[in-house]
2 protein chains.
Amino acid sequence: MERSTRQRQAIREVMTELNRPLSPTEVLEAARYKVPGLGIATVYRTLKGLVEEGSAVTVELPGEPPRYELAGKKHHHHFHCNQCGKVFELEGCPGDFSFMVPQGFKTEKHEIVLYGRCTDCLN
Amino acid sequence: MERSTRQRQAIREVMTELNRPLSPTEVLEAARYKVPGLGIATVYRTLKGLVEEGSAVTVELPGEPPRYELAGKKHHHHFHCNQCGKVFELEGCPGDFSFMVPQGFKTEKHEIVLYGRCTDCLN
DNA sequence: GACAAGATGATAATGAGTTATCAATATAAA
DNA sequence: TTTATATTGATAACTCATTATCATCTTGTC
């Protein structure tokens with residue numbers, strides 16, 4: 001990640017503008033409006049680089065290949081639309097799950113995923 | 001799933017006895033104590049059959065291939081040990097996540113996964 | 001016990017996602 | 001501009017999980 005290229009700029013822009021976890025394919029499709037010839041390999045390379053330099057993080061959802069979002073956001077969870085497949089960020093968190101944890105277990109992290117329909121799909 | 005075989009019995013037994021979501025490989029390893037020559041193909045075939053007949057369900061966790069648990073349990077979530085990789089069932093659920101959902105979204109389902117160390121790994 | 005059909009195990013094949021390769025191109029420093 | 005080299009895009013190769021294939025073995029009925 002040394003040089004600044006049109007491709008890398010486009011990918012960063014897309015992630016900022018859409019502001020939700022994106023799959024490599026979603027990044028490709030969105031960034032091709034800015035850089036038509038963009039290739040999937042460049043998307044994978046750039047996403048990997050962004051994660052390595054700490055500008056992006058991987059978002060894993062059950063049964064899905066990884067998505068990517070910009071780093072630095074505060075603690076949050078995700079909503080997965082069952083219709084369009086897009087993933088959105090959610091605010092808020094119940095926070096305490098200790099009542100669910102068996103004796104002797106120690107919790108270090110948690111993930112919540114809500115599933116349903118987004119506004120656009122319900123329109 | 002028509003005939004009763006040693007292999008199928010062993011696989012059902014293992015799922016009942018261990019009572020946690022198991023990957024096909026975990027099923028294979030555990031069931032081989034009962035049926036030494038057991039092959040991975042039979043495990044996949046049997047798990048698929050159990051799901052089709054409604055005796056088992058698929059458990060998907062972020063970034064992991066599917067696991068399988070016996071069907072018919074009440075609503076629950078899972079704990080993933082970061083050390084041994086085993087997944088355990090949890091009781092209880094915060095239940096209401098409506099405060100996290102944006103205007104216009106409709107929630108139909110939720111998943112919670114806790115990560116940490118299990119008793120055995122903390123011992 | 002004999003037999004037909006289902007089941008098994010080894011392994012080749014598949015599929016989805018991701019990475020490696022490499023000639024051509026673009027960046028940025030001189 | 002020139003130039004060294006990082007980057008790109010097309011695509012072959014790879015990885016991992018899962019499924020298909022098929023000769024052999026089992027089950028369960030007669």
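Reader: What makes the six strands an open sheet, and in which order do they lie?

Author: In this predicted model, the order is β4(A)-β3(A)-β5(A)-β5(B)-β3(B)-β4(B), with mixed pairing. The sheet is open, with two edge strands, β4 (87–90) of chain A and β4 (87–90) of chain B, each pairing on one side only. On average, neighbouring strands are turned by 30 degrees against each other, direction ignored.

Reader: Why are β3 and β5 of chain A called paired?

Author: Pairing needs at least two bridges. Four bridges join β3 (residues 77–81) to β5 (residues 106–117) of chain A, so the two strands count as paired. They run parallel. A:Cys81 stands opposite A:Gly116 in β5(A).

Reader: Why does A:Arg45 count as making a polar contact with a base of DNA strand D?

Author: The cut-off for a pair of N or O atoms is 3.5 Å. An N or O atom in the side chain of A:Arg45 is 2.7 Å from a base nitrogen, so the pair qualifies.

Reader: What other polar contacts does DNA strand D have, by the 3.5 Å cut-off?

Author: Among them, a side-chain N or O atom of B:Arg3 is 2.8 Å from a base oxygen. A polar backbone atom of A:Gly39 is 3.1 Å from a phosphate oxygen. Both pairs therefore count as polar contacts.

How values were computed: Residues are numbered from 1 along each chain as its sequence is written. Chains are lettered from A and ligands numbered from 1 in the order in which they are written. This is a predicted model: local features need pLDDT of at least 70, side-chain atom pairs count only at pLDDT 80 or more; totals for chains, interfaces and linings use all residues. Side-chain values use heavy atoms; hydrogens and water are left out. Axes are lines fitted to C-alpha atoms, for helices over the stretch in contact, and angles run from 0 to 180 degrees between N-to-C directions. A polar contact is a pair of N or O atoms within 3.5 Å; within protein, one must be able to donate a hydrogen and the other to accept it, and residues adjacent in sequence count only if both atoms are side-chain atoms.
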